[in-house]
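Try each task before reading its solution.

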Amino acid sequence: MKLNSFIAAAGIVIGGSVLFSSCVQKNYYGANPNNNNNNNTNGQYVFDEEFNGADNYGWSFTDAADSAYASITSGSYQYVDYSAVKSNMSSVNTGANVQNNFTVTTRVKSNNLIGLIIGASATSNGYAFYIDTAGNYSLYQEGSGGNASIPIISSTQDTLYSHKNDWNILELDQTNGVWTAYINGTQVFTMAARSLSGPGFGFKILPGTTGYADYLTVRND
């Protein structure tokens, strides 16, 4: 678990070229499956966490100082932060090769804002692909230690494809040096891939947030 300060986006896009698109639709779409298993069977998984059984990766914790805790409960990962100041991050080593092509997918919901952590390590908190209850998404560089988060894509409305106050599937593909992100199977942006320092993937929530994750999978293509 790592704690970072979170700075709200200022309505700008910083660094690099970012292309927003809604013309690509994944054919395995389904944000509300009837069971807890993910629906994407393409590629070779290097990590597949369904949150159905025992905690084999150390997801669960209690942090009284930050009024935060997390546990695997009823087939999902429950992540709660009652803090009024700091956000909270939880990631595990997936063993993925983040220098080559990979795809990470998760299904999440929250009462505020929850992010998918990408490429974290002992020296870097990686990047976070966020979605909030209104269906807005954003991308942040999470820095390291107590450094503030840096917006790469500020909060962007995507109400056509996001489910408000409900479960949403987030996916980020890294292919041939390009990141392409999807919400519920529909492409929302593409950009030049950023350098990642490690195979850590997980979740981040803001203060005053209760979030849930149904699964987390990573595959190298």
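**Exercise 1. Find the residues that form one aromatic cluster, then describe one ring pair in it.**

Step 1. The cluster consists of F51, W59, F61, Y77, Y79 and F203. Rings of Phe, Tyr and Trp (its six-membered ring) pair if their centres lie within 6.5 Å; planes under 30 degrees apart count as stacked, over 60 as edge-to-face and the rest as tilted.

Step 2. In total, the structure holds 16 aromatic pairs. For F51 and F203, the ring centres are 6.4 Å apart and the planes meet at 55°, so this pair is tilted.

Step 3. Now place the two partners: F51 is in the loop between β3 and β4, and F203 is in strand β16 (residues 200–205), 152 residues apart. Strands here are DSSP runs (E, at least two residues), as helices are (H or I, at least four), numbered from the N terminus.

Step 4. Both F51 and F203 are buried. Buried means under 20% relative accessible area, exposed over 50%, and partly exposed in between (1.4 Å probe, protein chains only). F51 is at 0%, and its phi is near 55°, a positive value in a residue other than glycine.

A note on the source: this is a predicted model, in which local features need pLDDT of at least 70 and side-chain atom pairs count only at pLDDT 80 or more, while totals for chains, interfaces and linings use all residues. Residues are numbered from 1 along each chain as its sequence is written, and side-chain values use heavy atoms, with hydrogens and water left out.

**Exercise 2. What surrounds K109?**

Step 1. Start with its place, strand β8 (residues 102–110); K109 is partly exposed, at 30%.

Step 2. Beyond four places in sequence, K109 is in contact (heavy atoms within 4.5 Å) with I114, D166, W167, T210, G211 and Y212.

Step 3. Look at Y212 again: K109 lies over the face of its ring, 5.8 Å from the ring centre. A charge sits over a ring if NZ of Lys or CZ of Arg is within 6 Å of the ring centre and within 35 degrees of the ring normal.

**Exercise 3. Which strands pair with β11?**

Step 1. Strand β10 (residues 127–132) pairs with β11 in the antiparallel sense over five bridges; pairing needs at least two DSSP bridges. A128 stands opposite Y140 in β11.

Step 2. β10 and β11 form a hairpin with three residues between them, and G135 in the turn has a positive phi of about 90°.

Step 3. Strand β12 (residues 150–157) also runs antiparallel to β11, joined by five bridges, with Q141 opposite I150.

Step 4. Five of the six residues of β11 (residues 136–141) are buried.

**Exercise 4. Where does pLDDT stay under 50?**

Step 1. pLDDT, the predictor's confidence in each residue from 0 to 100, averages 84 over the protein chain.

Step 2. Residues 1–17 stay under 50, and residues 27–36 are below 50 as well. Where pLDDT is low, the predicted coordinates should not be read in detail.
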